[in-house]
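Hi everyone, thanks for coming.

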Amino acid sequence: MTKVIGFHYTLKNDAGEVLDSSEGRDPMLYLAGSGQVLLPLDKAINGLSVGAAKSVSLSAKEGYGEVDPSLKMNVKLSQFPDGTEIKKGLQFKINNEPGSPMFRVINVLGEEVFIDGNHPLAGVNLNFDVVITESRDATADEISHGHAHGVGGHHH
């Protein structure tokens, strides 16, 4: 039976800096095997019982991949649609093809815009501290929708 797994987590880099955490929020819920979390993390925590704690370390390659220099580029401000406010942190896709990367504006200097299509955590080893909060059989709705439904059911 397909499972729904709930967990609290703290994500750190190799220097011990906290990159993300569910502290103060609801636990992360996902449908096991659905691709909603990184596959090596899914494999490491799927099957743990409620209350179990585990540390999981993933290499950059197992996480969000190594940095691809070809996804870092400079473009001209004039290449963006008129009226678009181009500033650091803006995220956009160049096209709508499946699997096309999400780009981020890294910096704007005059007419030059520096963009990066790598995931923000590309090239970073990921160290998760996880505590399982829920492990249950998925409902038929969750399986047909391909994701876990939170408290109160269906949230899209």
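Phe7 counts as buried because its relative accessibility is 2%, where buried means under 20% relative accessible area, exposed over 50% and partly exposed in between, with a 1.4 Å probe and protein chains only. Please keep in mind that this is a predicted model, in which local features need pLDDT of at least 70 and side-chain atom pairs count only at pLDDT 80 or more, while totals for chains, interfaces and linings use all residues. Residues are numbered from 1 along each chain as its sequence is written, and side-chain values use heavy atoms, leaving out hydrogens and water.

Now, which ring pairs with Phe7 edge-to-face? That is Tyr30, at 5.9 Å centre to centre and 85 degrees between the planes. Rings of Phe, Tyr and Trp (its six-membered ring) pair if their centres lie within 6.5 Å; planes under 30 degrees apart are stacked, over 60 edge-to-face, and the rest tilted. This pair links distant parts of the chain, 23 residues apart: Phe7 sits in strand S1 (residues 3–12) and Tyr30 in strand S3 (residues 28–31). Strands here are DSSP runs of E, at least two residues, numbered from the N terminus.

On to Asp116, which lies in strand S8 (residues 112–116). Is Asp116 buried or exposed? With 8% relative accessibility, Asp116 is buried. Beyond its neighbours within four places in sequence, Asp116 has contacts (heavy atoms within 4.5 Å) with residues including Leu71, Met102 and Arg104.

Key
Helices (H or I, at least four residues) and strands (E, at least two) are DSSP runs, numbered from the N terminus.
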